[in-house]
Amino acid sequence: MKKVLVLGANGQIARIVEDRILKEQSDVELTLFLRNSSRLSELSTNKNVTLVDGDINDFEAVNNAMKDQDVVYISFVDHDGSNTMTKNVVKAMKENGVERVIESSLLGLYNEVPGEYGRWNYSMVKGGLDAAINADKLLEESGLTYTTLRFPWLNDRDEVKYAITHKDEQYLGVSGSRQSMADVIVKIIADPDYLKNDSVGIADADTQGEDRPVY
């Protein structure tokens, strides 16, 4: 069995990922880490699920949950100026011999979003941008096999529709569905070599040219 640790398991995208994994990948066991596990009580009897109460800023809690895992998915964006969350995950992974990590982030890490939308996005995210940039650097320099997911402004459209851009490419699109973001994560869990050691942008290419998010 492949073991996957989801940190922040009650997030909207995380919930979609968990539902799909349990339906589509019977060879995966999920460890779902969140502050209040009762929020996922409907999964408590699932034989492929272990619920863990914990705070990602608590290293010992993260370290205990990390044991015997194969893949780690961080559903939070690290906005903390000290990057405690990312540092805790990297340290716990190294101590437990876990190699594969997927971290949520945001668009604009590399000034890769053009035009008026890029200017607007920067004005909205600049408060947490330095922390997100540093989290991405911590992963890149960690020696772990990582993927940074640069999410766009999200919507709840009932669709899986996206284009992927890489670190050295201009971001394509301004918005995308949470289902689309989850689809990329599900694919990485199925094939951990997919998008490894990369920072990727994900968005609906048809929203390219808009100057505000598309809901």
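Trainee: How do the residues of the lining of the largest cavity divide into nonpolar, polar and charged?

Mentor: First, the general idea: rolling a probe the size of a water molecule over the atoms shows where empty space is left. On a 1 Å grid over the protein atoms alone, a cavity is a set of points where a 1.4 Å probe fits but cannot get out, a pocket is an open set with protein on both sides within 12 Å along at least five of seven lines, and lining residues have an atom within 4 Å of a point. Here the cavity lining splits into 3 nonpolar, 3 polar and 3 charged residues. Ala, Val, Leu, Ile, Met, Phe, Trp, Tyr, Cys and Pro count as nonpolar, Asp, Glu, Lys and Arg as charged, and the others, Gly among them, as polar.

Mentor: Keep in mind that this is a predicted model, where local features need pLDDT of at least 70, side-chain atom pairs count only at pLDDT 80 or more, and totals for chains, interfaces and linings use all residues. Residues are numbered from 1 along each chain as its sequence is written, and side-chain values use heavy atoms, with hydrogens and water left out.

Trainee: Which residues line the largest cavity?

Mentor: Val77, Asp78, Glu103, Ser104, Ser105, Ala132, Ala135, Asp136 and Thr148.

Trainee: What volume does the largest pocket have?

Mentor: About 580 Å³, a volume being the space filled by probe spheres set on the points, with grid points joined across faces, edges and corners. Of its 30 lining residues, Gly11, Ser75, Phe76, Val77 and Ser104 are the closest to the centre. By class, that lining has 16 nonpolar, 10 polar and 4 charged residues.
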